[in-house]
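Please walk me through the inside of this protein.

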Amino acid sequence: MTLTSFEKRIKRRIIGREHPFFLVCSPGLKTVCTDEMRAQGFPEENIVVTPGGIEFNARVTNCMELNLNLRSPSRLLMRVDQFKAESFGRLEKKIAAIDWVLYLPQNALLKFNVTARKSRLYHSDAIAQRCERIIQDQIRSSPDIAGSAVSESGISGPAPPASVQTIFIRADHDVFTLSLDSTGDLLHKRGIKQEVNIAPLRETLAFAMLHWAGFSRDDVLVDPMCGSGSFSLEAAMIKARVAPGFFRSFAFESWPGFSPKAYAHMKKQAEALQVRVPENEIFASDVDDAALAAMEKNMSAHEFSRAINLSRQDFFSFHPPGIFPGQKGVVLLNPPYGKRLGNDTDTRSFFREIGKRLKSDFKGWHAGVILPSRESSTALGLKLRLNPIFHGGLDLFAGIGRI
């Protein structure tokens, strides 16, 4: 089939060349993200760690693969342009010069994330409003993309439904960097959880804890303060080799250069890697009935959840030999702290009791404990490596080590 001029532009300028990308990583997780990038086959020299994440060059197909397969990042941005602008006139001229029809669907619902630092143009709302007007005028008036979406085969099809597309604009010392979010909902949203409990642990952090503790597909896991199940569900997906993005959609699926056929093939390959997991290799428990109800609902829709043994049980009455005779594995805890403990509870005493239980019943196990402070680590009484993390608006620590 003969390609239109627009389809040729898409192939030449979007599909057929590498682009700069930026992988956004939560504080404390950049090393984990880097390890995952290496595991995906990215050479060391193509990975540049910067404040906030990782820069690298790749093709759009790589962008799709990374969104589908990475467990630790927050989102993946494709860089669109970078320029200097000291006035709104200059900014508008530079924005208008970008060929936005190659990046955005005609019916895009635009959102802007704008930050400005030490720049003459510092009013984020004014920057967003001017950029939105120019971009919307361009994509909605373009005859090129009216009623069509381009596939890698060069075959046009009906336009996709309206999608939210987020443009990130960063101004730093008058230098503007424009990026297009390829992810949509943050990557910790796996499309698994239907219900969450109070202060749910993000799956990206759950994976980091599993990674730091050395969890593998052959290990048993004890998750005795499971909440709505972040540790257990993430571990079950790892055991079943389920790609973290398999059950969700992404913003790139509405891009003009997106190939549904290529992505369907990519997901089919990911599905072929999935395996059936044995039962009762992950022990999850809690004393909160609402948390257990949420966990049961989250487990109900997915076959890989058969690996999880869920029960109502207090951590302080749980003895692993009764569940895993002769086996040692990984135990992960996200204990309550702050308001969740209540005003009458002595935090130091609580963590001291957790440490005693771990030392008495989990000797030889690998452990990970989320800690609200260095003082709580001291109270725990274990020789753990402290990794700074950020969760729920708080600066915390992940204590990792062997008991």
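The buried residues of helix H3 pack against helices H1 (5-15), H2 (30-39) and H8 (260-272), and against strands S1 (19-24), S3 (53-58) and S4 (75-84). Contact means heavy atoms within 4.5 Å. Helices (H or I, at least four residues) and strands (E, at least two) are DSSP runs, numbered from the N terminus. H3 spans residues 60-69, and its buried residues are Val60, Cys63, Met64, Leu66, Asn67 and Leu68. Buried means under 20% relative accessible area, with a 1.4 Å probe and protein chains only.

This is a predicted model: local features need pLDDT of at least 70, side-chain atom pairs count only at pLDDT 80 or more, and totals for chains, interfaces and linings use all residues. Residues are numbered from 1 along each chain as its sequence is written, and side-chain values use heavy atoms, leaving out hydrogens and water.

Now the core. A nonpolar core is a set of buried Ala, Val, Leu, Ile, Met, Phe, Trp, Tyr and Cys residues joined through side-chain atoms within 4.5 Å. The largest has 100 residues, of which Phe56, Trp100 and Phe176 touch the most other members. Helix H6 (residues 203-212) gives the most to this core, seven residues. A second, separate core of 23 residues includes Met225, Leu358, Trp365 and Ala367.

Key:
Buried means under 20% relative accessible area, exposed over 50%, partly exposed in between (1.4 Å probe, protein chains only).
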